[in-house]
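Okay, thanks for coming, everyone.

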Amino acid sequence: MSFLGRASEILQRQGYAAGVAHYLFNFVNGVAAQRPALREQAAGFLRVKMWGIDADELHRDALAAGDLVLVYLGAPDREFIGRAELASAVHDWTPSEAQVYPGDAPSGVTLIQLEEWDPPLPMNAVLSQIDTTGNARADFETGVVRITANEFETALAVVAGRALST
């Protein structure tokens, strides 16, 4: 079996689906007084359907069109504010994209099939529904975190359940 075949087999055993990858885009808040402004900044990225990706992000080169993402506000908020599908791999912004992108990242991905969640979904509501003995947790050190298909689907199920109960 080839190296890529073994890698695919290992990822599938760990809950990663072949083909489509699932990620969490972790937007980390700074000083508590800046939280509302940063939440609005994250929502601004979603509104223009663009998300900046830093040059040193671990999964930068793996992101591909069709991958699915959950958009997450890290500590102290620890809540999901939406989901999307990637329309592109990471690329330098075109001149027209750079004009509308509200951040300072020179590159990133474009988004489609976007949902913003209001109210946001608390991470603890998702963690209570999945086995946290593996990799699942609420705080992350990177801006792009690979998650399993089950973790992604669990978040969507919690959002759907919340919508049905209101």
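So, in what order do the elements of the protein run from the N terminus on? They go α-β-α-β-β-β-β-α-β-α-β-α. That's five helices and seven strands, where helices (H or I, at least four residues) and strands (E, at least two) are DSSP runs, numbered from the N terminus.

Quick housekeeping. This is a predicted model, so to speak of local features we need pLDDT of at least 70, side-chain atom pairs count only at pLDDT 80 or more, and totals for chains, interfaces and linings use all residues. Residues are numbered from 1 along each chain as its sequence is written, and side-chain values use heavy atoms, with hydrogens and water left out.

Now, strand β4, residues 79-86. Seven of its eight residues are buried, meaning under 20% relative accessible area with a 1.4 Å probe, protein chains only. For the protein, 43% of the 166 residues count as buried.

Which strands does β4 pair with? Pairing here takes at least two DSSP bridges between two strands. β3, residues 68-73, runs antiparallel to β4 with six bridges, and L68 has E85 as its bridge partner. Those two strands make a hairpin with five residues between them, and R78 in that turn has a positive phi of about 50°. Then there's β6, residues 107-122, also joined to β4 by six bridges and antiparallel; G82 stands opposite E116 there.

Last one: contacts, meaning heavy atoms within 4.5 Å. Of those with a separation of 6 or more, 72% come from residues 24 or more positions apart.

Terms used. Buried < 20%, exposed > 50% of the residue type's maximum accessible area, 1.4 Å probe, protein only.
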